[in-house]
Amino acid sequence: MTANPLLLCLVLLAQLSAQNAFGSDAYTPSVIPTFKEMTPMSAEVALLSDAFNDDLYTESQNFSENAYWHKLTFPKTTTQENTQNLYLTLSYFIIEHLDFYLFHDEQLISHWKRGALQDWGEDNSHYKGIWIPITLSDQHSTSLLIRKQGNHPLLTPIKLMDGTTAAEQTTHKLIFWTFIISTLTILLIYNIFLFALLKQPGFIYYLGLNLIIFVSLSAITGFNRWIFSQTLSQWITTNLFVVFGLGAWILFRFSMHFLKDIQIPAPDSLIKRYGDGLFVAFLLATQVFSVKTFALLFAFIEVFLFFMCIAWGLKAYNKGFTPVRFYLFSWFFLLTGSILNTFIFWKILPITPVTESIFPIACILQLLGFAFAFADKAKQMERDRRTQALTDLTTQLPNRAYYFDMLPSQIQKQGLSDQKLALVMIDLTNHQTLSQAFGPAKADGAMCDIILKLHQQTQTMEGLLSFSLANKKTTTLIRMTTKKIIFISTQPDALKTQIQQIQNTLDHPTRVNKVHFRHQYKIGSALYPSQGADLDKLYQHALIAKDSVTYSSGHWLPFTDNLKNNHAHQLRLITLLTEDIERDILYFDIQPQVDLLTNNITGGEVLIRWNNVHMGQVSPSEFIPLAEQTGLIYKLTDKLLESVFLWASQHPKALSTQRLSINISALDLLQENFANRILELLYKQQLAASKFTIEITETSVFQNNAVVHNNVKQLHQAGFKLSIDDFGVGYSSMQNLVALETDELKIDRFFIMNLLDDAQSQILSRNMIDLSKALNITSVAEGIESEGILQLLKSWHCQVGQGYHLYRPMSPTDYLMLLDKTVPPLSAPTNRA
């Protein structure tokens with residue numbers, strides 16, 4: 001609406017120009033006697049030719065390879081003055097060769113060159129347009145010959161007027177073009193300033209487009225000689241359609257660049273792939289074909305651009321890109337002005353002061369439209385910034401800021417403050433594992449895929465709260481972190497069913513790098529307002545519930561006061577564990593391992609221990625998972641290895657005929673420098689790697705992971721043996737047998753302890769022992785707690801065993817004393833248990 005007053009002023013200016021350009025004293029001959037020049041001739045010969053006739057005038061206005069002569073004849077003046085001056089003006093400026101010859105009878109009085117490719121001489125220095133003074137004689141008849149020749153249309157609509165009117169119109173025209181050029185310049189500078197300030201894309205295209213518009217406007221309206229040198233003006237005329245073609249191509253590129261953020265046109269569209277080639281072909285055509293041919297081609301390009309830009313603009317607007325409305329305004333007026341100007345070129349429109357003003361005014365409106373467009377884009381950018389601040393960029397879901405800043409007011413507006421709600425938090429816990437296994441990009445992609453799949457599912461579920469975004473979209477999920485999402489149920493009574501639907505989707509196998517896997521996840525929930533009177537407290541309690549999920553509890557836990565107490569206990573454990581690791585408070589015991597065929601001690605498993613001054617003895621099953629969750633596991637492993645290697649170097653007897661097995665986390669193997677760190681610690685104490693077995697707790701996917709492969713290769717080459725601990729419990733055991741190139745397989749105590757009572761445990765354990773034989777690796781049974789279990793394992797030819805029935809874990813000192821004994825270790829097993 002703001003553009004309307006200026007638009008009205010510009011229209012009135014065009015009308016005023018039409019009224020004043022050539023006043024009532026102007027005379028416009030509709031037909032001029034004409035003849036076609038077949039062979040070159042002088043003006044004197046042409047003057048005497050009797051071939052002039054009115055029938056050729058229409059033909060002389062078209063494209064032609066011939067030269068045409070026009071003749072205007074004036075009778076002797078009858079005024080009392082000896083002479084009387086008339087002025088002839090021409091409004092078409094692209095005729096390459098244009099000569100005017102003034103005769104009194106047969107005597108040549110004056111000759112003017114006004115062609116676009118001609119040297120105008122001294123008249124060029126004070127150019128005011130094409131104004132030819134005709135001095136009438138009272139003694140002789142006066143004739144004016146006009147010769148024209150060129151590749152462009154030879155349009156010659158002329159006007160005649162007296163001296164007073166000519167002076168007035170010269171001034172009017174000068175004022176008009178001063179206004180046009182000044183307005184164009186001011187608007188262009190303003191837009192360039194906005195462009196630079198807002199850091200809009202496509203700046204070079206916009207600048208180039210308006211430079212081309214300015215050059216084109218100067219050529220077709222004649223003021224090129226006003227602002228450019230004669231040489232440059234002639235070059236522009238010679239290559240006018242090259243300039244037009246470049247302008248069309250730049251407009252095409254600018255349009256695509258501006259709309260690329262909303263993918264208009266589509267990346268795989270034909271115009272996106274071949275559009276540049278179309279303009280290159282046109283530019284090549286200007287060097288091959290005639291002006292008439294590529295003028296016709298350019299007319300088609302103009303129409304094509306008009307409909308293409310309008311279509312793209314409307315499509316962008318329908319996508320919610322509101323700044324494009326002013327771009328539509330600019331494109332419409334610019335291309336409409338260009339097309340109407342082409343109509344003049346093809347004689348569809350006459351050359352009049354109004355039609356002359358169309359293209360200049362269209363250019364001003366174009367610049368004006370862009371000025372409003374940039375201001376609108378600034379507002380859009382501000383809105384986008386606010387939206388982006390509240391939106392996850394990869395999934396377009398609300399983010400953490402939305403939850404804490406916007407959701408409270410939304411709940412209040414919807415009148416849900418007193419309604420019972422349930423906050424459900426889903427944590428996709430395998431993001432770090434996927435990142436280490438496949439790289440962060442593929443891990444993030446896998447997270448986004450499953451989150452969007454869950455969002456698509458929750459959109460169709462009943463009883464979930466919808467979240468409104470600034471772009472008027474509604475969602476049902478909020479992405480709090482890379483791997484953590486939440487939704488709010490408005491039907492807490494149906495929460496179990498809703499979560500079961502979510503779990504069905506999460507449990508469905510997915511693929512990353514052609515590897516099938518199932519997402520690992522934890523779900524926690526908390527009720528509003530009974531378990532959290534505000535969203536902050538509700539989130540905290542759902543987080544506690546989620547973090548309390550264990551392998552044995554399933555994937556979902558609702559919040560309870562007991563969980564809160566346990567969570568506080570875990571936080572304290574983490575704090576104390578961090579402090580005690582730094583102070584080297586943790587120590588290790590050793591549980592002997594026995595060769596079940598010879599009953600000899602083959603070595604021992606190193607077991608980490610923690611006795612805190614405040615908490616007392618803390619079980620590894622309690623603090624090891626916490627260390628893995630918080631990243632303390634890496635420092636914990638380093639401290640353990642350092643302590644064991646130091647002790648072993650000080651007591652070589654412990655490794656004389658035995659081996660030591662050291663437990664590490666699977667997360668350790670996913671560190672690039674893990675093997676190097678172990679080897680540095682080992683070589684520092686001058687120990688042999690062949691005396692140690694590395695046991696890996698099975699918690700991760702190792703297949704096709706280069707980091708794991710390199711660590712395993714280095715450890716094997718150094719002489720370490722590798723063992724899979726708790727085999728059969730994890731979900732990827734068979735994959736890890738291959739990935740780890742394992743030397744030893746430890747059957748989990750879960751199966752061993754139930755051997756006498758559970759037929760399935762017997763089948764599985766025996767098959768694992770047979771699998772070890774087939775793979776030529778050592779089978780180890782842990783958790784042997786009775787003589788019956790021991791004898792059963794011996795009958796199956798299990799190679800190594802450990803458990804309370806054989807030996808309990810003991811201090812390193814007791815382990816050395818045990819090795820000193822000469823009595824066979826199993827002569828009285830119950831006494832040593």
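Author: First, a term: contact means heavy atoms within 4.5 Å. Helices (H or I, at least four residues) and strands (E, at least two) are DSSP runs, numbered from the N terminus. The model is predicted, so local features need pLDDT of at least 70 and side-chain atom pairs count only at pLDDT 80 or more, while totals for chains, interfaces and linings use all residues. Residues are numbered from 1 along each chain as its sequence is written, and side-chain values use heavy atoms, with hydrogens and water left out.

Reader: Fine. How many helices and strands in the protein?

Author: There are 29 helices and 26 strands.

Reader: And what share of the residues is buried?

Author: Of 833 residues, 51% count as buried. Buried means under 20% relative accessible area, exposed over 50%, and partly exposed in between (1.4 Å probe, protein chains only). As for contacts in the protein with a separation of 6 or more, 71% are between residues 24 or more positions apart.

Reader: Start with H22. Which of its residues are buried?

Author: H22 covers residues 674–684, and its buried residues are Phe674, Ala675, Arg677, Ile678, Leu679, Leu681 and Leu682.

Reader: What do they pack against?

Author: The partners of those buried residues are H20, strand E21 (659–665), helix H21 (666–669), strand E22 (692–697) and helix H23 (706–718). Just after H22, Gln686 has a positive phi of about 55°.

Reader: H20 is on that list. At what angle do H18 and H20 cross?

Author: Roughly 35°, and the axes of H18 (residues 561–582) and H20 (residues 632–650) come within 11 Å. Axes are lines fitted to C-alpha atoms, for helices over the stretch in contact, and angles run from 0 to 180 degrees between N-to-C directions. The H18–H20 crossing is left-handed; that term applies if the near helix is turned anticlockwise from the far one by less than a right angle, and right-handed applies if clockwise.

Reader: Which residues meet there, H18 to H20?

Author: From H18, Ile574, Leu577, Thr578, Ile581 and Glu582; from H20, Leu632, Lys635, Leu636 and Lys639. By class, the contact of H18 with H20 has 5 nonpolar, 1 polar and 3 charged residues. Ala, Val, Leu, Ile, Met, Phe, Trp, Tyr, Cys and Pro count as nonpolar, Asp, Glu, Lys and Arg as charged, and the others, Gly among them, as polar.

Reader: Now H9 and H10. What is their angle, and how far apart are the axes?

Author: H9 (residues 291–318) and H10 (residues 324–345) pack at about 165°, with axes 10 Å apart. That angle makes H9 roughly antiparallel to H10. Angles under 35 degrees count as roughly parallel, over 145 as roughly antiparallel, 65 to 115 as roughly perpendicular and the rest as oblique. H9 passes H10 in a left-handed crossing. Residues in the contact include Ala295, Phe306 and Tyr317 of H9 and Trp331, Phe332 and Phe345 of H10. By class, the contact of H9 with H10 has 17 nonpolar, 4 polar and 2 charged residues.

Reader: Where is Gln396?

Author: In the loop between helix H11 (353–389) and helix H12 (400–405). Gln396 is not a glycine, yet its phi is positive, about 60°. With a relative accessible area of 41%, Gln396 is partly exposed.

Reader: And His797, buried or exposed?

Author: Exposed, at 54% relative accessibility. His797 has a positive phi near 65° and lies in the loop between helix H27 (787–795) and strand E26 (800–802).

Reader: Last one. What does Glu622 touch?

Author: His569 and Leu573, not counting residues up to four places away in sequence. Glu622 and Leu573 are 49 residues apart in sequence and 9.1 Å apart in space, C-alpha to C-alpha. Glu622 is in helix H19 (residues 620–630) and is partly exposed, at 34% relative accessibility.
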